[in-house]
Protein chains: 2
Amino acid sequence: MTKNIRLWMLLILAAAFSACQKSIPGKVQSPSGNIQVEVFTLADGQAAYTVSFNQQLVIDTSGLAFEFLDMAPLRAGLEIRSAESSSFSETWEMPWGEQRYVDNNYNELRVSFAEKEALKRTFELLFRVYDDGLGFRFEFPQQENMGEVFITEEHTQINLTADHKVWWIPGDWDIYEHLYSTSRFSEIDALTYREHANLAQTFIPVNAVSTPVTMKTNSGIYLSFHEAALVDYAAMTLAIDHENLGMTTNLVGSWRDYKVERQTPFNTPWRMIQIAGRAGDLIESRLILNLNEPSKIEDTSWLKPVKYNGIWWEMHLDLSTWAMAGGRHGATTQNAKRYIDFAAENGLDAVLVEGWNTGWENWIGTADREGIYDFVTPYPDYDLRGVVDYAQGKGLNIIMHHETSAAVGTYEQQLDTAYALAESLGIHAVKTGYVGTILPEGEYHLSQFMVNHYQKVLETAAKHKVAVNSHETVMATGLRRTWPNFFASENLRGQEFNAWASDGGNPPDHLTIVPFTRMLAGPIDFTPGIFNIKLGPTKPNNQVNTTLAHQLALYVVLYSPVQMAADLPQNYEGHPAFQFIRDLGVDWEQSKVLDGEIGEYITIARQERDTGHWFLGGITNEESREIMVETNFLEPGVTYRATLYKDAPNAHWMENPAAYVIESQEVTADSKFGIKLAQGGGVAISFIPLK
Amino acid sequence: MTKNIRLWMLLILAAAFSACQKSIPGKVQSPSGNIQVEVFTLADGQAAYTVSFNQQLVIDTSGLAFEFLDMAPLRAGLEIRSAESSSFSETWEMPWGEQRYVDNNYNELRVSFAEKEALKRTFELLFRVYDDGLGFRFEFPQQENMGEVFITEEHTQINLTADHKVWWIPGDWDIYEHLYSTSRFSEIDALTYREHANLAQTFIPVNAVSTPVTMKTNSGIYLSFHEAALVDYAAMTLAIDHENLGMTTNLVGSWRDYKVERQTPFNTPWRMIQIAGRAGDLIESRLILNLNEPSKIEDTSWLKPVKYNGIWWEMHLDLSTWAMAGGRHGATTQNAKRYIDFAAENGLDAVLVEGWNTGWENWIGTADREGIYDFVTPYPDYDLRGVVDYAQGKGLNIIMHHETSAAVGTYEQQLDTAYALAESLGIHAVKTGYVGTILPEGEYHLSQFMVNHYQKVLETAAKHKVAVNSHETVMATGLRRTWPNFFASENLRGQEFNAWASDGGNPPDHLTIVPFTRMLAGPIDFTPGIFNIKLGPTKPNNQVNTTLAHQLALYVVLYSPVQMAADLPQNYEGHPAFQFIRDLGVDWEQSKVLDGEIGEYITIARQERDTGHWFLGGITNEESREIMVETNFLEPGVTYRATLYKDAPNAHWMENPAAYVIESQEVTADSKFGIKLAQGGGVAISFIPLK
């Protein structure tokens, strides 16, 4: 900027400030003007902000503050030294993703705060306001009275304007694998989740929720709250203040007497608010990616989205074990080849093998978990290189598995060796796991220590050209833009709960909530595609609580660049419905949420890159419903063969879950048809242009 | 038999004779008594017979005679010297086939005829009468006045009792690839077929029909006529005598002045009459096999029914050529591997490669066809051993192709070498072809010379453990029982006519006639499974004249131990309907014709060996219709997953042939459902027991 323009801008800002009722405010709106943010100081000099959507206040005056170890809090007594606005507009390309091109258009407001007295500490509050939401973060410059800081709490308020309907899980410091609750904000009681079963670790210290947490106002505005670019910081939960209808950050702590240790200069993660007039717009938003830094990996040619199967579900069905002792070892050379053969014959790209390395005899339920895994030594009945060669000879690859048993020290010791082994084998993907309470004791899965560990894993993997699919880690925060080798994470109550959870598994509405909550954070390795819904014969008391067509639809509804055909090869045999998985794309040119209401139903269409094939997935909760599909997303003038995988007329998630119908018909962009979804049902459609 | 029993039998026979109105008759009936045969001499001493079904005359008095070169005819002046009856009952096991066990129960009548004067020649007329029909043959013992015999004609009459409805093709000496006519017997005019197009060779000397020829009487009795165990004899056609509603054998001749050359002792083939009260019983009958000799191959373990694909249809679509010259060679190493990859990934067992060997540049349309093929030299762009290794490495095998161009001398010279090559490569199947007029000139595809050639091929192949799938050869006559390496033959107007026939291809009713006519002779290599029904883009003026579901149904309707997925790999991609072909069995424990009327519709269910899976195929002609499927063929008490591949509600063989619907449902032996077949439509169902 030239000096003149800068001066002119400051004049405008000054004019804006003087027009405001509060002292020295900053104001910024989104490019279209639909979202307005105001930043100001409260009477006691505390930094605060409000957010409006279409002239309606959606975030009421919310204060911002920090508490520190051995240092006075940073709260009152602040003044705004300056407030600068700027605009940014770009379109960037995703190496893989829900769409190829992402528009990144925002107006930015940078407000500089300083303590008027005492320590005279300063920080900048940076808001980026988009048409689909906003993010803000604290930037602490290097300064005399803030060098090494020990944050004991960040008190960022998000104050609501009414008692919204909320879809939430508790602010657990160790795990996200809870069922969602749907309640009014005033009824949120995360502590009820302390009465759990089926979890290897959990810690819910206060009445807080995990993010993303999503809400709907009575006037039909959708809000979702999360954080972006969580790096070298503790994850955020949001403590619930029923009285004030407010939320305040409650960072994940540890055995330490602080929650975050940083050295100035540093930034916090972005506190992110998505705002939409339509539920589906939450999902179409790429706000979380726009708030992250561009890719640090230059050559992304080795990053290939894949469809995979693997030795995994059979352990959950008690058909085999991860451990070799006991004589029912799943990851044998022979069994791996069986999965590879199926994958090769059915258009899958990769095979996951869990339980391939020694140590599983003691992996869980003991405090002494360090050193049990070395991530390089296969069980004697598993020919690691032979299996890799066999797969690669068929044009597939193996997905390596690193279960850490949450013994972080051991993993970090072996990290480079383990990823070097993968690289030497030509393996470009690893699934990590962190089952159990974290070692060292007193850390939690979401604490700063662990956030930094996950980052170290990600960067080590990138160095060895390996993509990571992480389980039992911290919630994704859009880092996949910066580190595109971060393929997917779990971070939810996944398919495996259907196999053994004592509460009966995930109810039919589970995955009608997940796309509007968990999925806003990033790709999900949910592992859909269970065809043997009733889980016979080994699991008489469990089942998957959806129809088979619902399972197929999940491949489109749930975005991930790694999509597992999770069932056993033999359970797919003879199923014409498997064709949908064969045809399925896993990397998208564009994605459109056609319709949906949180917890009720959702329909998404995605176009595959390069082929131009379209895929549609629609699911419903325990209610049967008819959805109308208008195919105006298809290319005009092109005739497509649409293959519909629908619930059979008498299908029902409990009574008759595996009954489906496949229809093949020709359609164009002008077509329209109604589709009946069964209770707990779904529909999957492929649209392939006629040659 | 002891002498006493023999004497007692003769007394009974004598009593029977005296009870008969004709002189010295023989009489025999089927085990259940439903079919009665009488053998006697006419007033002039000619041998004759009648056949009744349920006390109703179905074959009126029909005389028997032979004419010879340089020898008086054998016709009148005969007397019956003896008539002996016996019974036979066995159950034999098919190494592969429509069913595992075949009941072979018949009563036999052996009548010894002798000329009363002159040459005093003798012969025995042997009738075997079953509940599903009968066969009779002439047995000429060694005798003074008959050593080497040159038969100029066999005059075996089959005189009908009314002007039946007949499904027939002309008595062509060179080819069976005609469309069936449906007419009253009195309207049969085979000579109209001389006006042909699309045939590389044809010769229709008189108004005769080929066998099997099938009829329906006004009272609803079904009759079909063919021959069994055609060995060292000319094939039979049946000349039409409109006036007497009679047929008489008209053997296929050649340039020679006789039709059959034999040395006594010898037998003629069996003249076979199938009789049924239900059309489907014609198909369930194994009469033709029972009339053949037991297997001469002891070790049949190498005989594996297969599903295959191959380089074949693409030539018919003008996408490539058999010849290498011209630059569009189909049988390249690379293309073969493409088919192998598809086969390996889709549960097929074998890949046919046509055009692999040199010579195709001059293969057709020239008189100088000897010596163009050597059956061992691949084109330079085809790595024979490499392709075989590649296929075998994936657990598949190659089906070798021997097109002879009807140049028999060349093929016989190379025969042992060619089959030794196959054996050395571990190949156990060869498809043979005989396109064009036979060389040596003056022979026909159905003459004794060629019958003997085909037999030589079959026996040479057996020696080298190779199964034969023969095209453009003589009609099958049940020799597969004796030589189980005789897998299938063509002997009909096949799928390829749909690709290029100037008459628009096979009409929708074609394959509702074939099961009741051609298929009574034996396994058919029809090559079903065209999914790209409209044949775009290279064949804008042709199409397959059925729906896609009809194509699937053919895999069950048309029996063959070699079933081709005939379409191009790319035309199967994305089709969930291909699952039916993946699942399909090709070797059966049992087969049941559930329903059917000739030329209208047919429904067959077959149970796969070993797995117990059932498959059902139903097709209709150009009429839409609803069929009822009762699943009482399923094992009681077992729940099956039935996957139905049906015509879409708006499907139509011409207007919308590729529209189909797949339904998956659970059924038991008590289930019953109605299925709508589109015009030219069909249905295919797999029934797989739930685990």
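Which residue in β22(B) is the bridge partner of B:Gly310? I looked this up and found B:Leu352.

**Conventions.** I note that this is a predicted model, in which local features need pLDDT of at least 70, side-chain atom pairs count only at pLDDT 80 or more, and totals for chains, interfaces and linings use all residues. Residues are numbered from 1 along each chain as its sequence is written, chains are lettered from A and ligands numbered from 1 in the order in which they are written, and side-chain values use heavy atoms, with hydrogens and water left out.

**Strands of chain B.** I took helices (H or I, at least four residues) and strands (E, at least two) as DSSP runs, numbered from the N terminus. Two strands pair if DSSP finds at least two bridges between them. Strand β21 (residues 306–311) of chain B runs parallel to β22(B) and is joined to β22(B) by four bridges. B:Leu352 has B:Ile399 as its bridge partner in β23(B). From β22(B) the chain passes through helix α6 (residues 384–393) of chain B to β23(B), a right-handed β-α-β crossover (with the strands pointing away from the viewer, the path from the first strand over the helix to the second runs clockwise).

I then checked the side chains of β22 (residues 350–353) of chain B. B:Ala350 and B:Leu352 point one way, B:Val351 and B:Val353 the other way, and all are buried (under 20% relative accessible area, with exposed over 50% and partly exposed in between; 1.4 Å probe, protein chains only). In a regular strand the side chains alternate between the two faces of the sheet.

**Helix α5 of chain B.** Helix α5 (residues 333–345) has 13 residues and spans 18 Å from its first C-alpha to its last, close to the 18 Å expected at 1.5 Å a residue. The expected span is 1.5 Å times one less than the number of residues. Among the buried residues of α5(B) I list B:Tyr339, B:Ile340 and B:Phe342. B:Gly347, which follows α5(B), has a positive phi, near 75°.

**Sheet of chain A.** I traced an open sheet of seven strands with parallel pairing, in the order β26-β25-β24-β23-β22-β21-β27. β26 (486–489) and β27 (562–564) of chain A stand at the edges with a single partner strand each, so one side of each lacks a neighbour in the sheet. Within chain A, four bridges join β23 (residues 397–403) to β24 (residues 429–433), which run parallel. A:Met400 has A:Val430 as its bridge partner in β24(A).

**Aromatic pairs.** I counted rings of Phe, Tyr and Trp (its six-membered ring) as paired if their centres lie within 6.5 Å; planes under 30 degrees apart are stacked, over 60 edge-to-face and the rest tilted. The structure holds 78 such pairs over all chains. A:Phe580 and A:Phe615 are edge-to-face, at 5.9 Å centre to centre and 80° between the planes. A:Phe580 lies in helix α13 (residues 578–583) of chain A and A:Phe615 in strand β30 (residues 614–620) of chain A, 35 residues apart. A:Phe580 and A:Phe615 are buried. The ring centres of B:Trp360 and B:Tyr373 lie 5.3 Å apart with planes at 70°, so this pair is edge-to-face.

**Charges over rings.** I applied the criterion that NZ of Lys or CZ of Arg is within 6 Å of the ring centre and within 35 degrees of the ring normal. A:Arg481 lies over the face of A:Trp92, at 3.9 Å from the ring centre. B:Arg481 lies over the face of B:Trp92, at 3.9 Å from the ring centre.
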